[in-house]
Amino acid sequence: MGAHHGPAKGMSRWLLTTNHKDIGTMYLWFSFAMFILGGAFAMVIRAELFQPGMQLVEPGFFNQMTTLHGLVMVFGAIMPSFVGLANWMIPMMIGAPDMALPRMNNWSFWILPPSFLMLASTLFMEGGAPAFGWTFYAPLSTTYAPPSVTFFIFAIHILGVSSIMGSINIIATVMNMRAPGMSYMKMPLFVWTWLITAFLLVAVMPVLAGAVTMMLMDIHFGTSFFSAAGGGDPVLFQHVFWFFGHPEVYIIILPAFGVVSQIIPAFSRKPLFGYASMVYATASIALLSFIVWAHHMYTVGMPVAGELFFMYATMLIAVPTGVKVFNWITTMWRGALSFETPMLFCLGFLVLFTLGGFTGLMLSIAPADFQYHDTYFVVAHFHYVMVAGAVFSMTAAVYYWIPKWTGRMYSESMGRIHFWVSFIGFNIAFFPQHFVGLAGMPRRIPDYSLQFADFNMMSSIGAFIYGASQLLFLYNVIVTIVAGEKVGEDKIWDGAEGLEWTVPCPAPYHTFEVPPKIDAVSAHA
Amino acid sequence: MNFKTVAKACVVSLLVSGPTWALAQNQINMAKGVTEVGAQIYGLHMLIFWICAVIGVAVFAVMFYSIIYHRKSRGVTPAQFHDSTQVEIIWTIIPFLILIGMAVPATSTLLEVYNTDDAEIDILITGYQWKWKYEYLDEQGDNVVFFSNLATSQEEIYNTDAKGANYLLSVDEPMVIPVDTKVRFLVTANDVIHSWWVPELAVKRDAIPGFINEAWTKVPTEGVYRGQCTELCGAYHGFMPIEVHAVSREEYDAWLAAKRSEKVAQTAAAQQALGFEELMASGEAVYRAQCSACHGAQGEGGVGNAIAGSAIALGEVAKHLEVGIKGVAGTAMQAFGGQLSDVDMAAVITYQRNAFGNNTGDIVQPADVVNHKQG
Ligand code: HEM
Ligand SMILES: [Cu+2]
Ligand SMILES: [Cu+2]
């Protein structure tokens, strides 16, 4: 495309686009739509759990809700949102004109909506949607699954293909398209964390595909991978799933780490304390994440030696995670802090993610995990790391870069309201879940005994507040796009660093068609 | 529900550490555990909790100090320091040492949890959708077997009756074990994966079809200990509680002897013919406890199909017995032949054929069940 070539008109712009910014935008909107859908499922769950007894839905349908909520949030909301962010920001951060494989980029987005349409359509099928949890343990997900499981498997295959294509594209872009002088150790941390995440994705998505393929074979072609009656092994499923599943949680959080490592220095007006050690910490987290999967399976009856190995390895992960937190805090130390919305969300991230890290450390202690496992304590843990970790940082990213994307400024006061309502709602929703979990409430149950009633009601109220705050977010974004104050300068935040701030706001349709010169000092933030 | 308490709790929880003192009547921490292992695990839990709390306080103190004193609005000029290998090494080594300190007691407790040697009693626990089977293994082969079902009524669950004190946590037949005795649990499952958990005994083991997992307990004090299934096992996963009664050795022996004579009595009862009224009355009880969750309180169906007007319930008795005894493979309709006594099976089949407007007038006797089983 020539330098003066603007976007095509009408629908074909979006259907046929190979422009990284257009594709990034589509990913972001798609993931937000999924976030709302997954959130709606969560509201059904919390409404049923508002009081003891069955009020609104039947137990079977409740399980469909928990299953779809988990799948949609993990694969439809969080993962695509970070891919969207990568699409928008990585070429601009490394001084590249576009992604390395633009046509594949179009394809990796456009297979996503059909895949989720198929997944959502299972709700209307005979026997209902999958009801075996987002972890879909066999044989509940094979021999005992509703017929719609086949569609679920197909949906997982497609979104796996999408993820793999997306990550190959990111790897190719980062390795080949950096502007001259943009050496690896000058790349912004967001680029680094995504590069490592992309390798994780390429490594583990095929494992997930293998797991669902084995399910497909068991269900339709008479094999017995996971059926004990046929000589198979139900525990094998869990090993395969978690060999994907644990790295998956880091796939979700590493780009979030990247975002926070961009934003905190910007609003501290001070360079990131330990750039190199952050890169090494990210890499070691990624490597360790391959050898800790069975900490999700402490109660399956592994030999004690295996149990010990996975316990020690899991505890070890806390070390690089700690390094990250210490680094962010030291970055703030003696800076000149200001608290615009992106920074608020990053601070929210910092506090709440750290709490989630602590509960992770507690869960890593195998004998104690016998009491925590499959209770609401685990639910609290992973919402602290996934919602307050990944979703908060994603929200911070939107506020931080939206002036660059749209050329318009969001309303600071509305942004702050959004932050405080989210933060308060989130904690009311999820903090009490630590208590009911410790007190013995299992997860994935539609009804509970009376001693859990007060905290569950509180949790539901918090969830409704948090849910409502997302509508505020939508409102803020739309108002910014249509009526936000136009911004004049290229660099919106005085402390921000990086190439994306050297191009105009809004970023033109094509950027860096001529590679920029990399300033040796301020290349990375 | 008490909105006021809840509202109060919401406010307090904003202080994040606050809820610890709110809602004093609610349990907010792990059960201390009545067993030695339980106490050790509780100790580990508190130790790691306090380690996290101390680190957390330190980290957040630094952070909030920065937030308060190093703000731009105070007119500070930002320092520009970064990178210090020394600092990086310190904050890598110190957590590492703390973790080693933590790993030592964790390892010894784990070894203890895994030490199932020298048990005096073996109980085979089998998870079913959605109930537990307990089988007391006997060296002479005179095993005592029974199923343990949710005792909470559908009316309580669907809010037409007031909920009892042990709502969702009580069963029709609890597991009984003697105190001060090492009991080994052999845990497995019949259909999907379940998990057998009693918090106060600190025992949680997955029940996996095709595997037999081991766990153990030695309860020092008499009492009733309750738990729940903790692995998603289908629609009624939330409705398969566990109730363990720890009793004195004498009481245990008497209970076991009673169970054995019950078994003999049941075999004898299967030889006798019962009256229609009697069969209907006990059939209704069995139906409500065992079948109504899936087939509906009025036989209207649910997970299972409707019994009212069902072709099978109105058709041949043999076919109906076949479904009741052997189940329907690949569906939630399991084989009840091994779960119900012959008398109960006869009663529930009779009931299904004569209740909900199915007025076949058929009477199914225990002897018919025995004959059907023998083919
Ligand atoms: C300090 C770092 C962390 C440690 C030591 C840790 C440890 C653990 C352990 C041991 C479990 C299993 C608990 C159980 O099922 O009994 C667990 C569950 C989980 N963790 Fe973490 N975790 C950490 C960070 C994270 C992060 C960063 C994420 C994602 C952003 C995450 C997401 C999850 C999820 C989704 C589950 C539950 C999966 C399920 O059963 O559905 N964790 N974590
Ligand atoms: Cu994990
Ligand atoms: Cu269960």
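This note walks through two chains and the ligands they hold, point by point.

1. Before we start, please keep in mind that this is a predicted model, in which local features need pLDDT of at least 70, side-chain atom pairs count only at pLDDT 80 or more, and totals for chains, interfaces and linings use all residues. Residues are numbered from 1 along each chain as its sequence is written, chains are lettered from A and ligands numbered from 1 in the order in which they are written, and side-chain values use heavy atoms, with hydrogens and water left out.

2. Let's begin with chain A. It has 15 helices and two strands (helices are DSSP runs of H or I with at least four residues, strands are runs of E with at least two, and both are numbered from the N terminus). Chain A has a radius of gyration of 23 Å, close to the 24 Å from the globule rule for 525 residues, so it is as compact as a globular protein of that length. The radius is taken over C-alpha atoms, and the rule is 2.2 Å times the number of residues to the power 0.38. Along the principal axes, the C-alpha atoms fill a box of roughly 65 × 50 × 45 Å.

3. The C-alpha trace of chain B spans about 95 × 50 × 35 Å along its principal axes.

4. How much of each chain is buried? In chain A, buried residues make up 68% of the 525 residues; in chain B, they make up 50% of the 375 residues. Buried means under 20% relative accessible area, exposed over 50%, and partly exposed in between, using a 1.4 Å probe and protein chains only.

5. Now turn to ligand 1 in chain A. Surrounding it are 23 residues, and the closest are A:Trp134, A:Asp369, A:His373, A:His381 and A:Arg443 (a residue counts as near if one of its heavy atoms lies within 4 Å). By class, this shell has twelve nonpolar, nine polar and two charged residues. Here Ala, Val, Leu, Ile, Met, Phe, Trp, Tyr, Cys and Pro count as nonpolar, Asp, Glu, Lys and Arg as charged, and the others, Gly among them, as polar. Helix α11(A) gives the most to the shell, with six residues.

6. Donors are N, O and S atoms within 2.8 Å of the metal (3.2 Å for Na, K and Ca); water is not among the atoms, so sites may look incomplete.

7. Which residues hold the copper ion (ligand 2)? Its protein donors are A:His246 (ND1), A:His295 (NE2) and A:His296 (NE2), at 1.8 to 2.0 Å, with the sequence spacing H-x48-H-H. A:His295 counts as buried because its relative accessibility is 13%. This copper ion and the iron atom of ligand 1 are 4.6 Å apart.

8. Finally, visit the copper ion (ligand 3) in chain B. Its protein donors are B:Cys229 (SG), B:Glu231 (O), B:Cys233 (SG) and B:His237 (ND1), lying 2.1 to 2.5 Å from the ion. Their spacing in sequence is C-x1-E-x1-C-x3-H, and both B:Cys229 and B:His237 are buried.
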